[in-house]
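Here is a short briefing on a protein model. Keep the sequence and the 3D view open as you read.

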Amino acid sequence: MINGVERLVPMVIEEPSVVAAASYMAKLAKAGGGFTAQTTSPEMIGQIQLLDLEDPSNAKAAILAEKGSLLALTAEIDPILTSLGGGARDLLVRELHSEALGDFLVIHLIYDVRDAMGANAINTALERLSPRIEHLSGGRAHLRILSNLADRRLARATCRIPLEKLSFNGFTAETVRDGIIEAWAFAEADPYRAATHNKGIMNGIDAVVLATGNDWRAVEAGAHAYAARSGRYTSLSRWWQDENGDLCGELELPMAVGTVGGATRVHPTAQAALALLGVESAQELAEVIVSVGLAQNLAAIRALATEGIQRGHMGLHARQVAIAAGASEEQIDSLAAQLVQEKNVRIDRAKEIINGWKEV
């Protein structure tokens with residue numbers, strides 16, 4: 001349940017426990033009204049590295065003095081995108097220093113890509129602008145490429161889990177709630193834990209990004225860079241207790257995904273996934289994806305804070321091992337249950353059990 005709408009969410013991943021965990025947490029969140037999600041405008045950042053400048057400050061002033069004409073130039077590149085309300089929004093100039101290069105400039109083109117992921121549109125615009133910027137600055141345009149730290153194109157989701165829904169298997173609701181908050185605090189304070197904490201978030205996010213034919217490596221890169229935006233790598237999510245004692249969570253990260261262009265509109269599986277989702281824009285898709293990420297995060301830290309991550313994971317993994325060992329359809333459940341009971345989910349042990357059944 002996302003913004004009051006029920007969604008069926010396709011996921012592509014090798015680990016079935018990820019899908020099961022996200023699904024179960026979605027049920028818990030539904031009891032609190034589901035997920036509330038929103039996105040910022042779909043603005044991407046393109047970068048031009050400008051080198052060999054005699055005076056970077058004067059070059060910066062010369063470029064900014066022509067900002068209007070430079071933005072107008074980009075409007076001619078993609079008339080369809082412009083007609084849909086997209087196009088260049090701003091042009092910024094940053095002064096940087098490198099031990100290897102000394103002082104140089106980086107131009108940021110802020111570009112609204114509407115329902116596209118935007119890489120091709122951005123890179124084309126940068127190529128078009130580069131000769132004009134070289135002329136204005138007297139410098140040399142070197143790298144011209146989008147940034148995957150899409151921190152102007154954010155997706156955010158929140159949820160509330162009623163306290164009474166948190167108790168299970170002998171764990172009180174308060175124990176589960178407090179354990180989840182304590183687990184999050186560990187990730188917030190320690191980058192070694194945060195790396196795995198955020199990886200769990202991306203388990204859910206990547207699975208939907210993949211299913212819809214989007215660039216999961218770009219989303220991964222942006223997410224981890226965003227997690228370090230303060231200068232210290234930390235948790236992408238936040239969990240706390242509200243005034244009623246309920247558990248609340250939020251997740252925010254860059255979400256550069258599209259519903260037009262590339263594999264999204266070419267690959268039949270991606271088309272089927274988008275049809276199943278029923279989303280009508282890239283922003284709507286981003287809202288779904290960030291909600292799945294928050295559900296996945298809740299599932300992981302709930303398991304870690306209570307009965308341990310291996311119990312549910314191994315139950316599903318055991319079925320895969322049983323199938324790989326050659327179990328028949330009738331044997332799979334029994335074999336998986338025995339492997340879990342023995343706490344020995346290994347393919348060699350599964351084969352031993354199957355052979356023992358054959359002898360009987």
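Asp52 sits in the loop between β2 (43–51) and α2 (56–65). Helices (H or I, at least four residues) and strands (E, at least two) are DSSP runs, numbered from the N terminus. This is a predicted model, where local features need pLDDT of at least 70, side-chain atom pairs count only at pLDDT 80 or more, and totals for chains, interfaces and linings use all residues. Residues are numbered from 1 along each chain as its sequence is written, and side-chain values use heavy atoms, with hydrogens and water left out.

**Loops with a positive phi**

- Most residues other than glycine have a negative phi.
- Asp52 has a phi near 60°, a positive value in a residue other than glycine.
- Asp52 is exposed, as its relative accessible area is 53%. Here buried means under 20% relative accessible area, exposed over 50%, and partly exposed in between (1.4 Å probe, protein chains only).
- Asn169 also has a positive phi, near 45°, and is not a glycine.
- Asn169 is in the loop between β6 and α6 (173–189). With a relative accessible area of 54%, Asn169 is exposed.

**The open sheet**

- Strands of a sheet pair through backbone hydrogen bonds, either parallel or antiparallel.
- In which order do the four strands of the open sheet stand? The order is β1-β6-β8-β7, and the pairing is antiparallel. Two strands count as paired if DSSP finds at least two bridges between them.
- β1 (36–39) and β7 (237–241) stand at the edges. Each has a single partner strand, so one side of each has no neighbour in the sheet.
- On average, neighbouring strands of this sheet are turned by 10° against each other, direction ignored. Axes are lines fitted to C-alpha atoms, for helices over the stretch in contact, and angles run from 0 to 180 degrees between N-to-C directions.
- Helix α8 (residues 216–227) packs on the sheet and touches β6 and β8. Contact means heavy atoms within 4.5 Å. The direction of α8 makes about 115° with that of β8.

**Strand β8 and its partners**

- β6 (residues 154–161) and β8 (residues 247–254) pair in the antiparallel sense over eight bridges.
- Leu154 has Pro254 in β8 as its bridge partner. Arg160 is partnered by Cys248 in β8.
- β7 and β8 run antiparallel and are joined by five bridges. Trp239 has Gly249 in β8 as its bridge partner.
- The hairpin of β7 and β8 has five residues between the strands. Within this hairpin, Gly245 takes a positive phi near 90°.
- Is β8 largely enclosed or open? Seven of its eight residues are buried, so β8 is largely enclosed by the rest of the structure.

**Salt bridges**

- Side chains of opposite charge can pair when their charged atoms come close.
- The structure holds 20 salt bridges. A salt bridge is a side-chain nitrogen of Lys or Arg within 4 Å of a carboxyl oxygen of Asp or Glu.
- Lys67 forms a salt bridge with Asp90, and their closest N and O atoms are 3.0 Å apart. This pair links distant parts of the chain: Lys67 is in helix α3 (residues 67–75) and Asp90 in strand β3 (residues 87–98), 23 residues apart. Lys67 is partly exposed, at 27% relative accessibility.
- Glu250 pairs with Arg238 in a salt bridge, with the closest N and O atoms 3.0 Å apart. Glu250 lies in β8 and Arg238 in β7, so the pair ties together parts that are 12 residues apart in sequence.
- Glu250 is buried, at 16% relative accessible area. Arg238 is partly exposed, at 34%.
- Asp348 forms a salt bridge with Arg346, with the closest N and O atoms 2.6 Å apart. Asp348 is partly exposed at 36% relative accessibility. Arg346 is partly exposed at 47%.
- A network of salt bridges links Arg89, Asp112 and Arg114.

**A nonpolar surface patch**

- Which residues form a nonpolar patch on the surface? They are Val12, Leu210 and Trp216, with about 240 Å² of accessible area together.
- Patches are made of residues with over 30% relative accessible area and no salt bridge; like charges are joined within 9 Å, nonpolar side chains (Val, Leu, Ile, Met, Phe, Trp, Tyr) within 5 Å.
- Accessible areas come from the Shrake-Rupley method with a 1.4 Å probe; for residues, only the protein chains shown count as cover.
- Val12 is in the segment before α1 (16–30). Val12 is partly exposed, with a relative accessible area of 42%.
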